[in-house]
Amino acid sequence: MKQKLLFVLISISILFYSCKTTEQPVETPEETTVEIPEEPQISEVDEKYPEDDHEVYSDISIDNIIANMTLEEKIGQLFAVRANGTFTNHRDPVIQRLERLITDFHIGGVIFFRGDVYNQAILNNRLQTVSKLPLWISQDMEFGAAMRVDGTTRFIPAMGIAATGNPENAYLKGMITAREAKALGVHQVYAPVLDVNNNPLNPVINVRSYSADPHMVSDYALRFMEGVENAGLLATGKHFPGHGDTDTDSHLALPTINHTFDRLEEVELIPFRRAVEGGMRSIMSAHIAFPNVSANVGLPGTLDDSILNGILVDSLGFDGLIVTDGLEMRGIADHYSPGEAVIMALLAGADVMLLSPDEMTAINELYRAVESGRITEERIDRSVRRIVQLKKEQGLFNNRYADIENLSAKINTPEYQAIAHRIARESITVLKNDGEVLPIRETDFGNVVVVAVSDGDGHSSETVLQQEMRRYHSGVRFHALNNRTTPEEINRLLRDAQRADLVVIGSFIMVRSYHPMQIPERQLGVLQEIMAMNQPKVLTAFGNPYVVGDLPETDVHVLAWASTADQVRQTIPSLFGASPVGGRFPGEVPNLYSIGDGLDIKQSTVRFDRPESSGMITDSLLNIDMIMQNAINDSVFPGGVVGVMKNGALVWQRGYGYHDYTKTRRVQATDVFDLASVTKIMSTTTAIMKLADEGKLSVDDPVANYIEEFDTDDKREITIRHFLLHTSGLPAFQIYVDVLRTRAEIMNAVRNEPLENRPGERYVYSDLGFILLAEIVEAVSGKRVDQFVRDEIFEPMGLHSTWFNPEQAGPRVSNRILPTEIDTVYNRGTVHRRVHDERAYFMDGIAGHAGLFSSAQDIAKYAYMLLNGGIYGGEQYLSPEIIDYFTGHRSPINHRGLGFDRKSDGFSSAGTLTGDRTFGHLGFTGTSLWVDPDEDIAIILLTNRTYPNRSYGSDIRFIRAAISDAVMNSIAK
């Protein structure tokens with residue numbers, strides 16, 4: 001009973017603090033060229049507002065509101081106090097003090113720090129409830145809402161945005177950040193940073209700045225501001241008049257910049273002037289002294305009338321809200337009492353007093369300053385009017401609450417994540433690539449040592465670095481190098497590095513207040529020992545880009561801008577050619593790099609990513625789950641894998657069902673399947689294409705040139721083309737193995753098989769022609785077909801799960817294979833890890849028509865190579881011309897290409913929605929690959945539908961078609 005009562009009380013409490021916010025329409029500037037995501041649709045729910053006794057202000061003028069306020073209430077409106085959006089019991093002293101500040105001291109604003117989505121929204125609503133006037137909620141969100149709120153969309157810092165070379169990315173970042181902030185009940189975002197980071201030793205701005213170029217800062221900051229404002233929130237430019245050219249952290253001390261006003265006009269003031277002219281409505285001050293500009297030598301800009309009123313207001317013409325930087329920072333707090341700092345800031349021109357170290361004392365001292373006449377009530381009123389005006393404009397007198405019930409529909413949507421991830425990938429900047437180490441290829445660097453370097457006791461993204469490197473390379477050894485690394489661990493690291501073909505260093509040296517920016521001496525000493533070794537080294541800077549100056553001799557320098565797990569995931573593909581690189585450095589590293597430096601590297605391998613990254617919709621792709629589950633329920637197959645590759649990214653790779661009908665081992669996305677006749681294209685046809693590309697054969701060569709049994713009157717005119725088009729006149733198949741049980745016997749029978757039709761007259765899908773094509777590959781290359789494709793295609797492309805006779809690959813491959821049949825006809829028992837096709841089985845598992853095993857991931861790589869003009873990992877395997885020729889319509893009789901099947905008229909297992917140029921192949925065991933080049937998409941279905949016997953799975957063609965249509969329906973229109 002007590003538990004039920006508690007549940008009811010909690011439910012009432014949640015409803016009490018849940019209410020609906022009126023959304024402002026998003027207006028997109030005309031010059032915006034990117035596709036702006038629509039605001040997420042929310043569910044229709046009954047609006048629930050807290051029942052409160054707040055005075056109704058919505059119809060009262062601002063003048064009347066201010067006229068009815070006491071001096072104490074006015075003073076309180078000027079202060080913004082700290083809150084954390086994490087769960088805290090309402091009786092916690094921190095919450096009680098916060099509520100007392102609001103109720104007894106009339107605090108006007110709250111700045112939220114760390115928190116999560118629901119707890120911040122709930123606390124926001126609770127605090128709004130106890131406040132007489134609506135609270136003005138603000139938050140630092142330079143890196144997106146996730147800078148402070150877990151569970152929201154995280155963006156890279158400003159310098160990374162500028163590295164993309166596209167200011168529209170700044171607009172999207174601002175818009176999405178503001179949408180999520182608004183959903184949380186936030187009204188003001190403390191961004192963009194307008195500082196010019198022209199001092200590489202700056203310990204506090206660094207990547208928070210867009211650039212060392214003031215015009216670039218202006219371009220990107222203005223677009224960010226427009227994104228925020230068009231989403232209905234207030235953007236804030238900071239830190240006036242410029243915090244970029246200092247090597248002192250104002251959190252720790254008072255920095256001094258000795259520039260003249262003329263110099264400020266030439267550099268630091270350019271972004272602020274452009275922002276004011278562009279409509280920036282709020283500016284944050286800097287705690288920096290400017291002795292050659294101000295008449296008040298040694299006075300911080302926040303407290304300096306000649307800086308705020310003199311330059312910002314009078315010279316730049318700013319007439320908006322001026323917010324102080326945190327007054328608790330030591331650049332202020334070490335030199336001024338809480339009250340004195342507030343009084344001086346107000347006299348200097350500031351409106352909002354952010355994070356006073358002692359609000360109660362500051363309020364009391366300010367009240368006494370008004371009483372004594374040091375500061376007038378009219379001066380207080382001027383700032384209060386600005387604050388109340390903003391609250392009125394935001395509609396807070398009508399509704400001050402966050403809509404808790406619809407948060408999950410508005411925050412961190414797949415579309416927002418896709419945009420953030422795309423921007424992160426586009427930001428990757430390669431400054432140096434000596435020896436063309438990138439993209440990393442396993443054939444060049446089989447043994448890679450990865451070192452995660454950090455300046456603490458470790459970094460949270462180290463594990464992600466390790467996982468992602470191993471996702472793209474099978475020969476990775478990982479080491480962490482941090483303050484806790486023992487001498488024994490360092491020795492192991494150095495031994496492994498000595499044996500490595502390549503060393504990849506991931507730098508997690510952070511840009512943080514109260515911390516140095518360089519690689520610590522101990523860690524740097526170890527890295528310098530590695531630098532003295534002979535193999536190439538890659539340095540990837542996750543966060544602080546200026547660490548490249550600590551290791552200038554590294555062969556490769558990569559800038560990744562942030563140390564988050566998301567950024568690591570978006571960076572590692574670029575090292576392997578799985579995403580294109582085109583970022584440009586917006587900063588400067590003395591004697592190494594200048595603004596605009598950066599190299600271009602094309603994508604040439606498959607990236608592992610989410611559907612939205614390639615313009616697909618996850619919600620729609622989930623229909624595949626039900627198609628596969630229903631097929632499994634109907635015993636079409638015990639299990640399977642579906643893979644979807646779109647625009648160079650494997651965006652769907654899921655396992656369904658079980659290895660067999662005992663249902664004791666679930667199918668994994670990485671499992672390996674007998675491809676059956678998909679062997680015809682992945683192995684045999686590809687081998688013929690390779691040899692034709694090299695001029696070693698022609699598709700119009702007579703087969704008799706290679707197989708002497710075809711030098712007969714009825715077979716002499718048969719060409720390789722006939723075999724590829726299934727028009728040679730050979731029968732579809734012969735059993736053979738009821739009598740013949742050796743490779744030699746079967747091959748002899750196939751070579752001498754009589755024709756059923758004249759060559760070129762009829763289409764008869766024939767395994768026999770492809771068995772002979774494999775013999776031609778061996779005759780031309782000197783290698784059996786399995787060895788030829790292994791050496792020329794599969795191994796260099798990194799298709800580690802693609803094998804004939806996969807048991808020879810070892811348990812890492814063979815243990816992932818599904819069985820295909822319980823054979824009672826040829827007494828093979830359970831056919832598992834051996835080829836299902838009985839002719840290939842007795843041909844030692846190697847034949848031109850069947851025998852290949854593979855995974856969805858490997859097939860996706862193969863398909864990408866075809867779609868990418870024959871290039872994979874920077875290597876040219878096939879020419880674009882040979883691919884177009886073989887996959888195009890080449891049969892005078894039907895729809896087929898050379899070796900490749902193509903989508904047919906009427907019913908097709910490629911579905912109804914793939915294009916006319918779609919090509920691929922089917923496999924008897926329940927496998928298929930369809931590639932639509934017009935949509936740059938590959939659809940992979942792998943099953944063991946012949947298990948436990950081939951009478952099962954007769955509906956597989958309908959499953960193939962349904963999967964294809966579900967995939968194509970999931971492409972965003």
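This report describes selected local features of a predicted model.

## Basis of the model

The model is predicted, so that local features need pLDDT of at least 70 and side-chain atom pairs count only at pLDDT 80 or more, while totals for chains, interfaces and linings use all residues. Residues are numbered from 1 along each chain as its sequence is written, and side-chain values use heavy atoms, with hydrogens and water left out. Helices (H or I, at least four residues) and strands (E, at least two) are DSSP runs, numbered from the N terminus.

## Packing of α24 and α28

Two packed helices are described by the angle between their axes and the distance between the axes. For helix α24 (residues 679-693) and helix α28 (residues 785-797), the angle is about 70° and the axes are 10 Å apart. Helix α24 is therefore roughly perpendicular to α28 (65 to 115 degrees; under 35 counts as roughly parallel, over 145 as roughly antiparallel, and the rest as oblique). Axes are lines fitted to C-alpha atoms, for helices over the stretch in contact, and angles run from 0 to 180 degrees between N-to-C directions.

The crossing of α24 and α28 is left-handed, meaning that the near helix is turned anticlockwise from the far one by less than a right angle. On the α24 side, the contact (heavy atoms within 4.5 Å) is made by M682, S683, T686, A687, K690 and L691. Helix α28 contributes V785, F788, V789, E792, I793 and F794. These residues divide into 8 nonpolar, 2 polar and 2 charged, where Ala, Val, Leu, Ile, Met, Phe, Trp, Tyr, Cys and Pro count as nonpolar, Asp, Glu, Lys and Arg as charged, and the others, Gly among them, as polar.

## Helix α13

Helix α13 (residues 338-348) is mostly covered, with 8 of its 11 residues buried (under 20% relative accessible area; exposed is over 50% and partly exposed in between, with a 1.4 Å probe and protein chains only). The buried residues are G339, A341, V342, I343, M344, A345, L346 and A348. Their cover includes β1 (79-85), α11 (305-315), α12 (330-333), β10 (353-354), α14 (359-372) and α15. After α13 comes G349, with a positive phi near 125°.

R400 is located in the loop between α15 (377-393) and α16 (407-410) and is buried, at 7% relative accessible area. Its side chain makes polar contacts (pairs of N or O atoms within 3.5 Å; within protein, one must be able to donate a hydrogen and the other to accept it, and residues adjacent in sequence count only if both atoms are side-chain atoms).

A polar atom of the S614 side chain lies 2.8 Å from the backbone oxygen of K646. Apart from neighbours within four places in sequence, S614 contacts R607, K646, N647, A649 and V651.

## Backbone features

Two cis peptide bonds may be noted: A191 to P192, with omega of about 15°, and F240 to P241, with omega near 5°. P192 lies in the loop between β5 (188-189) and α8 (214-230), and P241 in the loop between β7 (237-240) and α9 (261-266).

R833 is not a glycine, yet has a positive phi of about 70°. R833 occupies the loop between β23 (829-831) and α30 (838-842) and is partly exposed, at 24%. D936, with a positive phi near 55°, is found between β29 (927-932) and β30 (937-943) and is partly exposed, at 25%.
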